[in-house]
Amino acid sequence: MNNIEKPWLKAYGDARETLPYFEGSFSEMVERAANRYPNIIAYEFMGKKVKYKIFKRQILETAYALINLGIKKGDRVTIAMPNSPQGIMMFYALNKIGAVANMIHPLSSEGEIEFYLNFSKSVGLLILDSFYGKIKNIRSRLKYLQYTIIASVRDGLPHWKKPLYDLTLGRKIKKIDSSEPVIFWKDFYKGKNNIGGYSFPKMDKDDVSAILYSGGTTGTNKGILLTNLNFNALSDQILEMNKSFKPGDVFLAVMPIFHGFGLGIAIHTMLSQGGTCALVPRFTAKSYSKLIKSSHPNFIAGVPSLFEAMMRTKYLQKANLSSLKGVYSGGDTLSIELKRRFDKFLHEHGCKINVREGYGTTECVTASCLTPVVKEKEGSIGVPLPDMVYRICKPGTDEILPTNQQGEICLAGPTVMKGYLDNQKETDETLKVHSDGLTYVHTGDIGYMDEDGYVYFVQRLKRMIITNGYNVYPSQIENIIDAHDAVQMSCVIGVKDPVKMQKVKAYIMLKNGYKPSDELKKDILTYLKKHVAKYAMPYDIEFKDELPKTLVGKVAYRILEEEANRNL
């Protein structure tokens with residue numbers, strides 16, 4: 001890799017170009033952190049704080065409980081949990097015994113859960129009691145499932161909160177009959193007795209350790225096979241680009257553990273480096289804002305729509321945000337206008353940093369590109385992390401395009417997945433060896449790189465609107481719309497048209513104080529005519545009180561597309 005041109009290195013400051021990576025498993029990396037920082041808090045959950053030395057023991061005891069249950073190396077076990085102690089204990093314990101964690105959203109539909117469990121051939125499942133009804137309804141169709149472990153939020157609460165939980169949320173959860181073929185967490189964990197002379201299997205850095213799933217916004221979900229090295233390399237890369245981090249720093253972990261962003265950065269990066277995860281199982285913009293104000297975290301992350309909502313809540317109006325060392329945006333495009341507004345908001349509340357945008361795909365766990373501390377460029381998603389190589393290629397090929405020319409974003413490095421689960425065709429179409437000998441992920445995203453190595457995201461290939469033969473990239477139009485004084489956020493879609501193939505439509509959510517009207521619609525369209533090419537102009541604007549979101553908080557443009565095309 002030394003002969004590969006990397007113009008972005010001059011933006012690194014004191015960060016290193018290449019790093020030495022831990023050769024073991026990701027559970028071993030966490031154990032190493034626990035040995036270094038035994039008395040630092042590893043995680044917090046609803047007021048309960050657990051030190052590293054206790055967390056290390058919890059992982060070991062959960063591993064023994066799994067062995068006693070019959071789970072062995074190579075088995076796949078599905079974790080369908082919010083951010084919770086049981087979820088992370090299970091994640092690392094599975095890795096310790098050489099099993100594979102299949103991470104899914106607990107709010108998935110019955111059909112989706114059936115697919116995930118059968119597709120992954122999961123022999124075990126960890127799920128909350130409140131979601132067990134879904135499993136009961138599909139149990140007869142689950143081909144491989146042998147063990148269902150039922151957890152409760154109550155299990156992870158401090159003792160003083162349990163009676164309150166029983167009187168409130170706990171009362172709403174339907175009790176599971178004792179005849180059901182399940183194992184409750186307290187009974188599962190009770191079987192944690194040490195197994196005399198047991199030797200845990202040796203894990204290789206390239207062993208598959210987790211399965212995550214693509215977001216599903218561009219097609220069928222695919223199981224992404226990720227290795228120990230993928231997670232451990234990401235952890236070191238992120239910390240190398242965040243020199244302000246100190247062991248004991250708190251990351252407010254609201255991004256979910258079934259998502260690469262939440263699992264790879266908020267959870268593993270922190271737990272493998274001596275940081276503290278403040279586990280948040282569910283949240284709203286209101287509760288998230290209250291947590292930031294009350295807990296004074298050092299690091300937060302979210303999707304753009306969350307930051308947009310934070311600025312609208314009253315709870316942060318007089319908040320002191322000076323504790324923040326890092327604010328990260330990912331998972332969706334952060335418009336230039338929203339970044340400007342949110343940076344201003346941060347500074348007005350005592351924060352000395354700007355929001356840093358990242359970019360990546362689940363095919364490399366999560367972020368592989370990040371806005372550097374040294375210098376940011378407006379509209380850029382930053383520069384590649386250490387040991388990551390970005391190339392802008394002619395779509396579908398390894399032909400590198402000139403500086404500032406748009407093409408497909410291709411990336412290589414130690415966080416690149418092993419492949420897709422049982423899908424060699426998709427694997428071969430996505431992972432390609434280029435002439436430099438590196439294996440690149442062909443992301444399907446359009447972008448370009450400037451002369452300094454800064455990367456700019458333009459649009460997903462599959463979201464591109466083609467109208468009258470012209471290519472229209474929705475995010476570019478959204479950036480322009482979002483800069484209008486009345487606009488909070490927008491979503492641009494393509495609507496079927498017999499002549500043009502597609503025509504452009506915009507959905508807009510207004511800022512507080514503005515109300516939908518024909519006059520305002522006319523004003524926005526007049527504004528757009530000054531900034532948007534005629535062929536890319538929206539034929540219509542529709543105001544919405546809220547824009548629909550996907551399970552991970554992205555604007556669900558597919559829903560708006562279906563709605564618009566259904567109403568033709």
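Residues are numbered from 1 along each chain as its sequence is written, and side-chain values use heavy atoms, with hydrogens and water left out. In this predicted model, local features need pLDDT of at least 70, and side-chain atom pairs count only at pLDDT 80 or more, whereas totals for chains, interfaces and linings use all residues.

Helix packing was examined at two contacts of helix H3. Helices (H or I, at least four residues) and strands (E, at least two) are DSSP runs, numbered from the N terminus. Axes are lines fitted to C-alpha atoms, for helices over the stretch in contact, and angles run from 0 to 180 degrees between N-to-C directions. Helix H1 spans residues 26–36 and helix H3 spans residues 85–96. The two pack at an angle of about 115 degrees. Their axes lie 8 Å apart. H1 is therefore roughly perpendicular to H3. Angles of 65 to 115 degrees count as roughly perpendicular, those under 35 as roughly parallel, those over 145 as roughly antiparallel, and the rest as oblique. From H1, the contact (heavy atoms within 4.5 Å) is made by Phe26, Ser27, Val30 and Glu31. H3 contributes Phe91, Tyr92, Asn95 and Lys96. By class, the contact of H1 with H3 has 4 nonpolar, 2 polar and 2 charged residues. Here Ala, Val, Leu, Ile, Met, Phe, Trp, Tyr, Cys and Pro count as nonpolar, Asp, Glu, Lys and Arg as charged, and the others, Gly among them, as polar.

H3 also packs against H9, at an angle of about 70 degrees. The axes of H3 and H9 are 13 Å apart. This makes H3 roughly perpendicular to H9. Ile88, Phe91 and Tyr92 of H3 meet Leu263, Ile267, His268 and Leu271 of H9. The contact of H3 with H9 has 6 nonpolar residues, 1 polar and no charged.

H9 itself is mostly covered, with 12 of its 12 residues buried. Buried means under 20% relative accessible area, exposed over 50%, and partly exposed in between (1.4 Å probe, protein chains only). Among the buried residues of H9 are Leu263, Ile265, His268 and Met270.

H9 also takes part in lining a cavity. On a 1 Å grid over the protein atoms alone, a cavity is a set of points where a 1.4 Å probe fits but cannot get out, and lining residues have an atom within 4 Å of a point. The count comes to 1 cavity of 30 Å³ or more. The largest cavity holds about 60 Å³ of space. Grid points are joined across faces, edges and corners, and a volume is the space filled by probe spheres set on the points. Its lining consists of Ile238, Leu239, Asn242, Phe245, Phe251, Ile265, Met270, Phe299 and Tyr328. The lining divides into 8 nonpolar residues, 1 polar and no charged.

Two loop prolines were examined. Proline 38 lies between H1 and strand E1 (41–45). Proline 38 counts as partly exposed, at 28% relative accessibility. Not counting residues up to four places away in sequence, proline 38 touches Lys51, Tyr52 and Lys53. Proline 38 and lysine 56 are 18 residues apart in sequence and 8.8 Å apart in space, C-alpha to C-alpha. Proline 281 is found in the loop between strand E11 (276–279) and helix H10 (285–295). Proline 281 is also partly exposed, at 25% relative accessibility. Leaving aside neighbours within four places in sequence, proline 281 is in contact with Phe45, Met46, Pro82 and Asn83. The C-alpha atoms of proline 281 and valine 153 are separated by 8.9 Å, although the residues are 128 apart along the chain.

Backbone torsions and a further loop residue complete the description. Most residues other than glycine have a negative phi. Lysine 121 has a positive phi, near 55 degrees. Lysine 121 lies in the loop between helix H4 (110–120) and strand E5 (124–128) and is partly exposed, at 39%. Aspartate 422 also has a positive phi, near 50 degrees. Aspartate 422 sits in the loop between strand E19 (419–420) and helix H13 (424–430) and is exposed, at 56%. Glutamate 180, in the loop between helix H6 (162–167) and strand E7 (183–184), is buried, at 16%. Glutamate 180 touches Tyr132 and Lys136, not counting residues up to four places away in sequence.

Technical notes:
On a 1 Å grid over the protein atoms alone, a cavity is a set of points where a 1.4 Å probe fits but cannot get out, and a pocket is an open set with protein on both sides within 12 Å along at least five of seven lines; lining residues have an atom within 4 Å of a point.
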